[in-house]
Amino acid sequence: MHRSIAGWINHRFTPVLAIVFWVVVVGLLGSTAGQLTDVQENEAENWLPTSAESTKALDAAKSFSSPNLIPAVVVYEREGGLQPADTAAAQEDAATFAQRDDIDGKVVGPIPSEDGEALEIIVPLNLGEDGWNKAAEVVDELQATAGDGDDGLETYVTGPAGQAADSAAVFEGIDSTLLLAAGGVVTILLLLTYRSPVLWLLPVVSAAVALVVAQAVIVLLAKYADLTVDGQSASILTVLVFGAGTDYALLLVARYREELRRHESRREAMASALHRAGPAIVASGATVAIGMLCLLLAQMTSTRGLGPVAAIGIVCGLAVMLTMLPALLVVLGRWIFWPRIPHFGDVDPSAHGVWAGAGRRIARRPRRIWVGTSLLLAVASIGIIQLNATGLSTEEAFLGTPDSVAGEKVLSDHFPGGAGAPVVVVSSPETVDDVRAAFQADDGIADQSVTEPTVKGDLAYMEGTLESEPDSDAAYDAIENLRDDLDAADPDALVGGTTAVTLDIQNASARDNRVIIPAILVVVVLILMALLRALVAPVILLATVVLSFGAALGISALVFRHVFGFAGTDTAFPLFVFVFLVALGIDYNIFLMTRVREEAHRVGTRRGALIGLAATGAVITSAGLVLAGTFSVLATLPLVFFAQMGFTVAFGVLLDTLVVRSVLVTALNLDVGRHMWWPSALARQEDVAGEDALGPHADPVAVGGEGGPRTP
């Protein structure tokens, strides 16, 4: 069946038609793909778990103010004490702010601090449905009105509007930046891999086509099927398509080069390459895509939205790499490999390569090697206890110190910690007096800070100020205590606001970790069972990938704390890293083990393991370098979460490629032997003893394909 499907490339005109098809598709969808930024929903409410109390409070609060309300807090500070002119200037600024067309409510302030060194003005802004994208421009205007501190009076714009502006600035132009960076990394690594001035173009062009198609499909689904897309998932999409797509291209090109030495016809060579490598590539892509779709089980809207976005990217990458890329290679001919052109009858050079030598060394003591390697990875995993995945404060989330973070620090120095980020309480009008009394009496709420209730219909609304900084552990404890206290007054009372939102995000992320990680493990092992037609090998392979994930996360945690000095990491970080490292890491085991299984039918599992390592070692290493390089591009963004994920995924991929797949899995194959394939018939096939795996038949040059010569 696989051969008949792969045979499409043998027809005279189908390769040209395949190329024309994708050119037309890109031409039709190119403009749609360019709208990806326009359909992104980066407002906080679009990231929240729909069942969380803070989300319900946010929905209820829409009855009292516009859902597009986003307050800005303008802060004035003079060390040593404010002067009368400073207060007069702030009053003039407040009057100017009140005259803006985008004001929704009353401008409050200037409010002086108790120490006499700071003032704050709360500016209620209504920036419309696209407020997140407009925030940067509006905040610049507020800052221009307030002044730049040349006379010693420092001014800052913070609060939700200031934070939105700084976040928008991070994602501004991010698509083009990541595209250029990822494309540049892939180009350099492909040039080093192929050492050809032309061949590198084909995977890069194919990846670019896949990205355009994926972006267009996502835009259409966002417009007409309510798919949630944000800056985070759009950024990951670019890196994922270029990284994973190029991996699939590398595997196909490597097998095609191998088949060109066995077939005079390049069409037959490509048909054989698709027949032999295609199932592994499809299985790898399916593992990643289905693993990503497991994110649909998440409570977090942003996490749930990433699943389909990433899966679409993988499917589009697979489709292009298995149709357009083979067509380009066949149409252009053998010269595309210049200066190392594979000719019919050439000897396979992998027999004397680095990985053939590595396999021979592992074969001498396989059990000692896999036990030792496993122990080292297990020890490295202990570093996970240093991973503080309890969330990042606004200050900790940025690699630098943007204006909103500096302003938040000034607020916390001179005002109650929660100034500018009020706690919101929504209750029934019948219980409002008891609720307000409990709200005001709570230890975590600043004295006399609770507002008079506003009643509309069957809801009452009030606000209060936290004693602690809004993104501190003390503030989160205060929210939990307040919810408990209000239950006695009104079990249906809702507690919301910025701090409550962050707390609910942390809780939802913890729940997502518990549900999604086991689901992905089940998906991966089922796909491996179907592909390898065995039970033992999938379980062993899954264990090696999980061990690799643990080691990567453990070492990364140590590096984050003791080298980079990060205070912690996002609550969703372990899940995201697990998804990418396990789903992508299993790819390399699939690439290796499908080749080992293919050779095991001829020469047995132990010799097949050495042949598989020698034949796939170089291409899998190249694929790992490309994937690690593309994910490391994320570290160029000025957000701690992206920097951490880029580092950990890149490190984990290299660890999996160079150690787990090449050393650990090969040693296990050599030690376990034919029992890897239990209960299939291959497990009953006679195999050589471990010490005999180094016999002459293990030499990879003995591997031949149908229709071509076999070297001695």
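A residue is called buried when its relative accessible area is under 20%. The structure shown in the following views is a predicted model.

View 1. N669 belongs to helix α23, which spans residues 640-672. Its relative accessibility is 1%, and because buried means under 20%, N669 counts as buried. Leaving aside residues up to four places away in sequence, N669 touches M593, V596, T605, R606, A609 and M676.

View 2. The network links R255, E258, E259, R262, R276, R595, E598, E599 and R602. The count of salt bridges in the model comes to 17.

View 3. R255 forms a salt bridge with E258, in which the closest N and O atoms are 4.0 Å apart. R255 also forms a salt bridge with E259, and here the closest N and O atoms are 3.2 Å apart. Helix α9 covers residues 231-260; because R255 and E258 are three residues apart in this helix, about one helical turn separates them. E259 and R255 are four residues apart in α9, again about one turn of the helix. An α-helix has 3.6 residues a turn, so residues three or four places apart point the same way. R255 is buried at 7% relative accessibility. E258 is likewise buried, with a relative accessible area of 6%, and E259 is buried with a value of 0%.

**View 4. The salt bridge between R602 and E599 in helix α21.** The side chains of R602 and E599 meet at 3.0 Å, N to O. Both residues lie in helix α21 (residues 573-603), three residues apart, or about one turn of the helix. R602 is partly exposed, with a relative accessible area of 39%, whereas E599 counts as buried at 2% relative accessibility.

**View 5. A patch of positive charge on the surface.** R360, R361, R364, R365 and R368 gather in this patch. Helix α13 (residues 354-364) gives the most to the patch, contributing three residues. R368 is placed in helix α14, which runs over residues 366-381. With a relative accessible area of 62%, R368 is exposed.

**View 6. A patch of negative charge on the surface.** D443, D473, D477, E480, D484, D485 and D487 gather here. Among them, D473 lies in helix α18, residues 473-489. D473 is exposed, its relative accessible area being 58%.

**View 7. The buried residues of helix α17 and what covers them.** Helix α17 comprises residues 432-441, and its buried residues are V432, V435, A438, F439 and Q440. The cover over these residues includes β5 (423-427), β7 (459-464) and α18. Helix α18 is also the helix that holds D473, a member of the negative patch.

**View 8. A89 in helix α4, viewed together with D443.** A89 lies in helix α4, which extends over residues 84-98. A89 is partly exposed, with a relative accessible area of 30%. A89 and D443 are 354 residues apart along the chain, and their C-alpha atoms are separated by 36 Å. D443 is one of the residues in the negative patch.

Technical notes:
Residues numbered from 1 in each chain as written. Predicted model: local features only at pLDDT ≥ 70, side-chain atom pairs only at ≥ 80, totals over all residues. Heavy atoms only, no water. Patch = residues over 30% accessible without salt bridge, like charges linked within 9 Å, V, L, I, M, F, W, Y side chains within 5 Å. Areas by Shrake-Rupley, 256 points an atom, 1.4 Å probe, with all protein chains shown as cover. Lys, Arg positive; Asp, Glu negative; His and termini not counted. Charge placed at Lys NZ, Arg CZ, Asp CG, Glu CD. Helix = DSSP H or I, 4+ residues; strand = E, 2+ residues; numbered from the N terminus. Buried < 20%, exposed > 50% of the residue type's maximum accessible area, 1.4 Å probe, protein only. Contact = heavy atoms within 4.5 Å.
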